[in-house]
Amino acid sequence: MGTSRIRRTATTGGTARGTTGGTSAARTRTAVTTRAALALAAAGALTLTACSGNGDGGKKEGGGETSNGTSVQLPKLNGQKIQVAAVWTGPERASFLKVLDEFEKRTGATVNYVPTGDDMAGFIGSKVAGGGQPDVAFPPQVGVLREFARKGWLKPLGPAAKEQLAKNFSPGWRQLGAYKGTEYGVYYKASNKSLIWYNTKAFENAGVAEPKNWAEFLKTAQTVADSGVEPVSVGGADGWTLTDWFENVYLSQAGPEKYDQLAQYKIKWTDPSVTRALTALAQLFGKPGLLTGGNSGALQTQFPASVTQTFSGGDQPKAAMVSSGDFAATNIQQTKAKIGEDAKVFPFPAVGSRSPVVTGGDAAVALKDTKGAQALLTFLASTDAAKIWAQAGGFISPNKELDKAAYVNDTMREIATALINAGDDFRFDMSDQAPASFGGKPGQGEWKDLQDFLKNPKDIAGTQRKLEQDAAKAYGS
């Protein structure tokens, strides 16, 4: 899963998916298509062994600054109170609060942030039922955003927010936030979810290099295991991490057309293409010694710990690699590891002919028709708001006008550049596109089914039957 689940991330106080998801935290039933060339372009852009220096990143791309050095004018909202709900906790929450602080400073409003937990749909649904919904929320799944719009819970973007959106975002990202032609969402936080972060010391000690394809990846993992370090860290306690593993394998192996068909439930989960993807994944999940803590340990490991245990422990870390979006940088920053030196990243290995490129994201939407809610959406669509979190780290933005020099290091800068250079040629996280009951709730649907698969990777047929049963129920078939 955006943002998003993008699948968002948190290091304390929660297990949100990395996003956008972190957050962390990430999925769209959009008609936007991904060209095969995207994988090659992105892979080329993601030569991510750069150092973590804070170079100037070249010329400023953004512009349109006003006389006071800001890119957008905001109304005065003295005395107004705004409640904002999102999945972010821990360091992500701290970074986002810096964004809200700037909004308060410029408008005079008071903003209260409320963490929702992973079940955004359930949280907002209960608030709407009681008449106490927040002014603004950040659904980390496009399927949830459209569910809210279908139920009439969302308020359309106002003129100022739409103006910022048109200026700063490509049509594909704008379409992701729309429902039946009406724009509701601003994709503030995005993620590239097709990455493998690795401990450079563990790789050096094992004498291995960055693998390019699945066979090399499995061989590298085994060599690292033979060196005395359990190679692959999986945060299986958070089911969304397993959907990310599946989606990357599936997109690379089955290709974008099949990916779209499965994402839109136009083919069944018993399709042979799903069999092949689970079979490939079982080569990792089913091989003793390749997962940190074994399968049972992985199922008890939450996402934040899956990252930090990879970059803690000096010469004897608990793991050498972790598959995660760019948002893992937030967790890595909680260790002593330096991104670009101790922690590096390579594109998810090609299982088929090309490496996959899966994205996610967190969109801001208004649940109340207030001046304050619209002003916040306008701010979030601007380069001003994107710059604040980019400078804090652990964040990339789909805002194409954001100056790349705002990112904290070359690694994040190149990840962001790859996302922007893709334009509208991207694939959004599959489970984020699904109804929340299938692709976005802990303990049920795809999350639970893939956790059961991690527990017993030999039961591919049984996993497919359960996935199909749950998908049919969620899609109303």
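The legends below describe close-up views of a predicted model.

**View 1. The open four-stranded sheet.**
The strands of this open sheet, 4 in number, follow the order β8-β9-β7-β10, and their pairing is mixed. Because β8 (232-233) and β10 (343-347) each have a single partner strand, they stand at the edges, and one side of each is left without a neighbour in the sheet. Strand β7 (residues 195-199) runs antiparallel to β10, and 5 bridges join the two. Within this pair, Tyr-198 of the model stands opposite Lys-344 in β10. Strands of a sheet pair through backbone hydrogen bonds, in either a parallel or an antiparallel manner.

**View 2. The largest nonpolar core and the surroundings of Phe-103.**
The largest nonpolar core comprises 89 residues, and those with the most contacts inside it are Phe-96, Phe-103, Phe-138, Trp-197 and Leu-380. Helix α15 (residues 371-380) supplies the largest share of this core, with 6 residues. With its neighbours within four places in sequence left aside, Phe-103 is in contact with Leu-74, Leu-77, Ile-82, Gly-108, Ala-109, Val-111, Gly-372, Ala-375, Leu-376 and Phe-379. Another core, of 54 residues, lies apart from the largest one; among its members are Val-224, Val-229, Val-274 and Ala-298.

**View 3. Packing of helix α2 against helix α16.**
Helix α2 (residues 90-107) and helix α16 (residues 383-392) pack with their axes 9 Å apart, at an angle of about 145 degrees. The crossing of α2 past α16 is right-handed. On the α2 side, the contact is made by Glu-92, Ser-95, Phe-96, Lys-98, Val-99, Glu-102 and Arg-106, and on the α16 side by Asp-384, Ala-385, Ile-388, Trp-389 and Ala-392. Sorted by class, the residues of this contact are 6 nonpolar, 1 polar and 5 charged. An α-helix has 3.6 residues a turn, so residues three or four places apart point the same way.

Helix α16 is largely enclosed by the rest of the structure, because 7 of its 10 residues are buried. The buried residues of α16 are Thr-383, Asp-384, Ala-385, Ala-386, Ile-388, Trp-389 and Ala-390. Their cover includes α2, α5 (159-168), β6 (186-192) and α15.

**View 4. Strand β6 and its partner β11.**
Strand β6 is mostly covered, with 7 of its 7 residues buried. It is joined by 6 bridges to strand β11 (residues 358-366), and the two run antiparallel. Val-186 has Ala-364 as its bridge partner in β11. In a regular strand, side chains alternate between the two faces of the sheet.

**View 5. Arg-276 in helix α11.**
Arg-276 is found in helix α11 (residues 272-285). Arg-276 and Val-249 are 27 residues apart in sequence, while their C-alpha atoms are 9.4 Å apart in space.

**View 6. Asp-449 in helix α20.**
Asp-449 has its place in helix α20 (residues 445-455). A relative accessible area of 2% makes Asp-449 buried, because the class covers values under 20%. Leaving aside neighbours within four places in sequence, the contacts of Asp-449 are with Thr-463, Lys-466, Leu-467 and Asp-470.

Methods:
Residues are numbered from 1 along each chain as its sequence is written. This is a predicted model: local features need pLDDT of at least 70, side-chain atom pairs count only at pLDDT 80 or more; totals for chains, interfaces and linings use all residues. Side-chain values use heavy atoms; hydrogens and water are left out. Two strands pair if DSSP finds at least two bridges between them. A nonpolar core is a set of buried Ala, Val, Leu, Ile, Met, Phe, Trp, Tyr and Cys residues joined through side-chain atoms within 4.5 Å. Buried means under 20% relative accessible area, exposed over 50%, partly exposed in between (1.4 Å probe, protein chains only). Contact means heavy atoms within 4.5 Å. Axes are lines fitted to C-alpha atoms, for helices over the stretch in contact, and angles run from 0 to 180 degrees between N-to-C directions. A crossing is left-handed if the near helix is turned anticlockwise from the far one by less than a right angle, and right-handed if clockwise. Ala, Val, Leu, Ile, Met, Phe, Trp, Tyr, Cys and Pro count as nonpolar, Asp, Glu, Lys and Arg as charged, and the others, Gly among them, as polar.
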